[in-house]
Amino acid sequence: MNASGFLSRVVLRNYKSIATCDVRLGPLTYLVGANGSGKSNFIDALHLVRDALTGSLDNALSERGGLSEVRRRSSGHPTHFGLRLEFRLRDGRSGHYAFNVGALSGRGYEVQTEECVLDGAGKGPSFRLERGELKASSEATFPSVTSDRLALVSASGLSVFRPVFDALTAMGFYNLNPKLIRELQKPQDGRLLKPAGENIASVIGHLERTAPDALGVIQEYLQTVVPMVHGVERKAIGPMETLEFRQDMAGAKHPWRFLAQNMSDGTLRALGVLTALFQGNRDYSPTVIGIEEPETALHPAASAALREALQRASEKTQVIVTSHSPDLLDDVSLSADALLAVVSRAGETRIASLDEASRSALRDQLFTAGELLRLNQLMPDDEVLAAEDRRQADLFGDPQT
């Protein structure tokens, strides 16, 4: 992955509480804001893309309560939502993928427009569809599609579009659930950790076989966060599997072994976060890792180690995290460019880079981002938001500078 990460720009329209959003992303991005500000909705928009491509658009919408729950509710009653993702592939080629989905009379919906462009319009592989009808394509043949599905799924059968499909479906998004991590699990595909950590034993087992160095990094950080824990491994129990931890016990010469069901929520969640961050292996490497509030259930003293792990992981995989933890952001070296401020105004989520006052305070090292957050002074730049409202960037067509 190059230095700028996979996703360089995200544009959203009418997605849940987000009326409009146009942001740039770096290798590591913190979405910072109060509870209920809409941070999770930004992550979920990206997650929907992955779900719609790996399964179906219908399932992705149904899991979120249907189109009526996904499109923004307002007095204007928008009947559609849309997004645009600008990206750079691992081979250095850049492009964008965009679509919007609108309601039909009754309870149906359709993909109104869908577009994929590599290497710039007219220069490389591309397609554009409107309501299931192919309007333009760089390819002599194109698979049949219907307006209730994303065409990129079918187009991935063409070698020129497969890298885009593979990169978008290699995004992983996480809200780790200690209860599911603690339970016995059925052996599963361990290439990519599932959203709540429900296949973590298989992932640890896969890393044991294919990427012991990555597992070593996970265990190193886990011991920093939870000093009593000396390691973790997959443990088979009949047809099921779980995790087994090695932990120091007072008076014992050697570490004792405990199954996941005996470990605390904080330990299990910390392991889930670290596994999400460092799960890349020779079989599979995520393009984006998005994590909801990675600091949850961790002692504040563990924040420095978690912050270091996030930074280290972002050197290989783009990382996006949501947070409202001042402790996690208490680092004088944390750049303003790594932060996006999220606020809710009259029920509408606004997301932008920090305002000049916040940037100046960080640049001059007068405050850390955590201190500004405690003072409620991490604010989005209103000039950027005003310009965004005036411009209303198109989801389709050539990138704007």
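Colleague: I'm new to this one. Leaving aside its neighbours within four places in sequence, which residues is T349 in contact with?
Modeller: There are contacts from T349 to S17, I18, A19, T20, S37, G38, V342 and V343. Keep in mind that this is a predicted model.

Colleague: Okay, and where does T349 lie?
Modeller: You'll find T349 in strand 16, which covers residues 348-353.

Colleague: Does T349 count as buried or exposed, and why?
Modeller: T349 counts as buried because its relative accessibility is 1%, and the cut-off for buried is under 20%.

Colleague: What does the side chain of T349 have a polar contact with?
Modeller: The side chain of S17, at 2.6 Å. Also, a polar atom of the T349 side chain sits 2.7 Å from the backbone oxygen of S37.

Colleague: Changing topic: which residues make the nonpolar surface patch?
Modeller: That one is made by L366, F367 and L375, and the patch is about 290 Å².

Colleague: Where is L375 found?
Modeller: L375 is in the loop between helix 12 (369-374) and helix 13 (382-391). With a relative accessible area of 47%, L375 is partly exposed.

Colleague: And what happens at the start of helix 13?
Modeller: There, D381 has a side-chain oxygen that comes within 2.9 Å of the backbone nitrogen of E383.

Colleague: What about just after helix 13?
Modeller: That's where Q392 comes in, with a positive phi of about 45 degrees.

Definitions and conventions
Residues numbered from 1 in each chain as written. Predicted model: local features only at pLDDT ≥ 70, side-chain atom pairs only at ≥ 80, totals over all residues. Heavy atoms only, no water. Helix = DSSP H or I, 4+ residues; strand = E, 2+ residues; numbered from the N terminus. Buried < 20%, exposed > 50% of the residue type's maximum accessible area, 1.4 Å probe, protein only. Polar contact = N/O pair within 3.5 Å; in protein donor to acceptor, adjacent residues only side chain to side chain. Contact = heavy atoms within 4.5 Å. Patch = residues over 30% accessible without salt bridge, like charges linked within 9 Å, V, L, I, M, F, W, Y side chains within 5 Å. Areas by Shrake-Rupley, 256 points an atom, 1.4 Å probe, with all protein chains shown as cover. Salt bridge = Lys/Arg side-chain N within 4 Å of Asp/Glu carboxyl O.
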